[in-house]
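Q: I would like to learn how to read a protein model step by step, with a general idea and then a case each time. Could we work through one together?

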Amino acid sequence: MKRTDDRLLPVLLICAQAVVWPGAALVRGAVPPASALLVAALVAGVVTAALALRRARPVTTLVVVAAACALGAGPLPTGATAVLGTAGVALALFTVATERDAFTAVLCVVALAAWQLLYNLSLHGLSDHDGLDLVLTSVLYAAACGAGLLVRRARRARKAAERLLRRAESERHRLPAVERRRMERELHDVSAHHLTAVVVTAGAALGLRDRRPELAAEALEFAAETGREVTRALGAVRAPAPSREDTPSPEERLLDLVAGFRRLDQRVDCEIDPLPDGTVADAAYGIVREALTNVARHAPGADTRVRVRYGDTRTDVRVTSAPPPPGAVAHGAGLGGGRGQAFLRSRAREAGGTLTSGPTAAGGWDVHAVLPGRTAALVERSVPRSYRLAQLTAAVGLVVQPLLPLLVIRAEEMPSGGRVSAGVLFALLVAAQAVALLWLRRAPRAALGILFGLALLWPVAMATGGYTGPVVLPPALSLLATCAALAADAAGTAAGPSRAGNRPRLPLRARTAAGPPAAGPSAAGPCAAGVRPRLPLPALLALLTLPAFPAFPLAAVAVAAHAAAATAAVLDRGTTVPVWAVVAGTTAAASLAVAAARRAGVLRGRRDRAARSTREERLAAWTEEAVRDAWAERRRIAAGLETTVLSRTGDMVAEAEAGRLDVTAERAREALAAMRALLDAVREGETGPDLRPQPTLQALDLLAHQLRATGRDVEIRLTGRIPERLPTAVDLAAYHAAETVLAAVGEEPAVLELDADDDRLTLTATGVPRAADPGVRERLTTRVTALGGTLTTGPRGTVRLRLPLAAAPGDEKRER
């Protein structure tokens, strides 16, 4: 499909060029010479072949297309390469912007515009005072580059969203297994360090009862204390605190890995940032382990540095080793299977990143992996400075190339005038508009104000430069930039919550309905009598302007500024059309353009919002499913603990307190056997009945684990004033409220704090800017009002929920 698309556009361009020339000339009866047709065919063939390969070599395609069209423009008549020279170059620029980085795209636009300016200067000098063709060409190039950058950004955002969904989906299947391994490990530790010690101690005391009777009392005391400790430990296994890390963090695992290699006499220096548990952390651990293993095999004793940097958009993992010290013997050089580098690249690729490795200048080895960061953004290869310098050198060389004929061949003086060219003024205005558009995202109102002010300067530039071309074209260029800014502003407003400082805008119907009704017969008078009224100019402007604006003030100012600029340009040139008709026509054209731009922006914003909503719903559903599965796994194992291990441990404590050592030893053996049977059931994956209980606040650690693994920075804090047992309805409602709030977390770090007083449970979330969205508020309100609670939202993404600790009547019954 891609090859078909790549070939289709060049063929269409050739057809369009053939219609313009020589098609138009043949229709008029003028047959071009055979030499011109041959040159045109050669140029068209080169351009077509280059454009067909534009995705693989976009920069080369741009250079070839521009050079071929420039060389063909000399011997060919005017218009013979017009389509290929404009649309072909614009298509190549668009491909450069979509396939390469922003620096390369902007450099190509600037170099191409400067090259064409100097090329025209070498041919025509400074005698052309209009210069609008050069400005139009520059605007076309900038528009093609801007469109390509927008497409590239949208493509990157879409791929990042898809990557985030894949990451969430993989973590959805991973969380239950992680929870099962955690409980299995802790159960094993309890059985190995506690119950086994009780069995051994009791057995020794029973064997030495006759010779050392004092050991029996010590064994009974030890069994009672150990039994109570087992009960506390198993309680923590069943319900760990959300703020407590039960398993080693990725940072601790990496530090332990480095410490293990240091014990092997490897000199390793490390700088490791905290990482969230998940795919990225597993990939970083595997890459560091494999890289250190390769160093130990091939360069034992070499100084090695490990760096793991976790950032917003990328995670850098670098392992750099120096040459081995003199006399070092690589005993493990032949132990590898030759698949180490492939393993490293596959680990990085599976995590959504890239990896490069190779020798260093000092003779060592360097492994550098770039993995996704917090936002799961796409990872790009870093471009070395030498490559950037080569790009700049090539661009400068191409730009100064048209000056060589001017300096060597042409010796006559260039004609110059005393008046500034209109083309120079237009270029300055276009550059100012481009700068304003670049600042649109940071300061939208200031950028729009600058664009409105620049619109009024176009008639002044036309009069100052003596412009004699189409009178409507320069104001249209200004209107184009304003429409692009208004479309972007409307898209941003429609895609998310209102910006700070913007007042809610009423639709046009609400504004007109709120106005006073027309009074008396004057509202219908002449119309009712069949007389056509002559509308005054302000009323005509109002009728032409108002229907175009869902957001009246901003769009009205835009229309007024551009209509005034176009009217001044037309009146300055001179016209026989009445003034009111000129004003009406320019106002209507500006109104239609502004309305179309805002409508396109609103549609795009709604589409982006719908896509974001769909993605967030899928993320929330997968998070909920992962937590439910992990919670079911925890409850299944906890049920086995309660019916077997805990009951026998309680019997062991009771027998120990009663002073029966032999029975205590027997109960300890039964508890240890039950623990081992439970571990065997966990390892074999016996799930038993399908338990799908509703998660409660005890599952907040699972929720936080899942959110962090998918790239969201969340922290859950619990105070010591929360009761151990909450009413079922309050427990369930509090968990689901926390789940709803944390599902709305964006790229900013978020903190959820739970506290309780005498009669209320309070959930306070900060760093959740979308907590004020209508959908989130509606779900939270439903959870809170059912129990008689309250919901308040504050500035900077703060939301607070209060739930009464006494459940509403009937809630317990409904939950059961």
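Q: How many of the seven residues of strand E7 (residues 750–756) are buried?

A: Before I answer, please keep in mind that this is a predicted model. A residue counts as buried when its relative accessible area is under 20%. In strand E7, six of the seven residues are buried, so the strand is largely enclosed by the rest of the structure.

Q: Which strand is joined to E7, and how do the two run?

A: Strand E6 (residues 714–718) is joined to E7 by five bridges, and the two strands run parallel.

Q: What does the side chain of Asp 755 meet in a salt bridge?

A: The general idea is that side chains of opposite charge can pair when their charged atoms come close. Here the side chain of Asp 755 meets that of Arg 721, with 2.2 Å from N to O. This pair links distant parts of the chain, since Arg 721 lies in the loop between E6 and helix H24 (728–743) while Asp 755 lies in strand E7, 34 residues apart.

Q: Are Arg 721 and Asp 755 buried or exposed?

A: The two partners must be read separately. Arg 721 has a relative accessibility of 55%, and therefore counts as exposed, whereas Asp 755 has a relative accessible area of 18% and is therefore buried.

Q: How many salt bridges does the structure hold, and where do Arg 253 and Asp 282 lie?

A: The structure holds 26 salt bridges, and one of them is formed by the side chains of Arg 253 and Asp 282, at 3.4 Å from N to O. Arg 253 belongs to helix H8 (residues 250–262) and Asp 282 to helix H9 (residues 279–298), so this pair ties together parts that are 29 residues apart in sequence. Arg 253 is partly exposed, with a relative accessible area of 27%.

Q: Where do Arg 604 and Asp 608 lie, and how many residues apart are they?

A: Both lie in helix H21 (residues 579–658), four residues apart, which is about one turn of the helix. The side chains of Arg 604 and Asp 608 meet in a salt bridge of 3.9 Å, N to O. Arg 604 is partly exposed at 33% relative accessibility, and Asp 608 is partly exposed with a relative accessible area of 37%. Salt bridges can also be linked in a network, as they are for Glu 271, Asp 273, Arg 305 and Arg 309.

Q: Which residues does His 368 touch, not counting residues up to four places away in sequence?

A: When we read the surroundings of a residue, we set its sequence neighbours aside and ask what else it touches. His 368, found in strand E5 (residues 365–372), touches Arg 314, Asp 316, Val 317, Arg 318, Thr 354, Leu 355 and Thr 356. With Asp 316 there is also a polar contact between the two side chains, at 3.1 Å. The relative accessible area of His 368 is 11%, so this residue is buried.

Q: Where is His 736, and which residues is it in contact with?

A: His 736 has its place in helix H24, and is buried, with a relative accessible area of 7%. Leaving aside neighbours within four places in sequence, His 736 is in contact with Arg 628, Gln 694 and Arg 783.

Q: Which residues form a nonpolar patch on the surface?

A: Leu 8, Leu 9 and Leu 12 form it, and together they have about 250 Å² of accessible area. Leu 12 is found in helix H1 (residues 2–27) and counts as partly exposed, at 45% relative accessibility.

Q: How many helices and strands are there in the protein chain?

A: To finish with the whole chain, there are 26 helices and 10 strands. Buried residues make up 43% of the 816 residues, and the accessible surface comes to about 42200 Å², of which 60% belongs to carbon and sulfur atoms.

Notes. Residues are numbered from 1 along each chain as its sequence is written. This is a predicted model: local features need pLDDT of at least 70, side-chain atom pairs count only at pLDDT 80 or more; totals for chains, interfaces and linings use all residues. Side-chain values use heavy atoms; hydrogens and water are left out. Patches are made of residues with over 30% relative accessible area and no salt bridge: like charges are joined within 9 Å, nonpolar side chains (Val, Leu, Ile, Met, Phe, Trp, Tyr) within 5 Å. Accessible areas come from the Shrake-Rupley method with a 1.4 Å probe; for residues, only the protein chains shown count as cover. A salt bridge is a side-chain nitrogen of Lys or Arg within 4 Å of a carboxyl oxygen of Asp or Glu. Buried means under 20% relative accessible area, exposed over 50%, partly exposed in between (1.4 Å probe, protein chains only). A polar contact is a pair of N or O atoms within 3.5 Å; within protein, one must be able to donate a hydrogen and the other to accept it, and residues adjacent in sequence count only if both atoms are side-chain atoms. Contact means heavy atoms within 4.5 Å. Two strands pair if DSSP finds at least two bridges between them.
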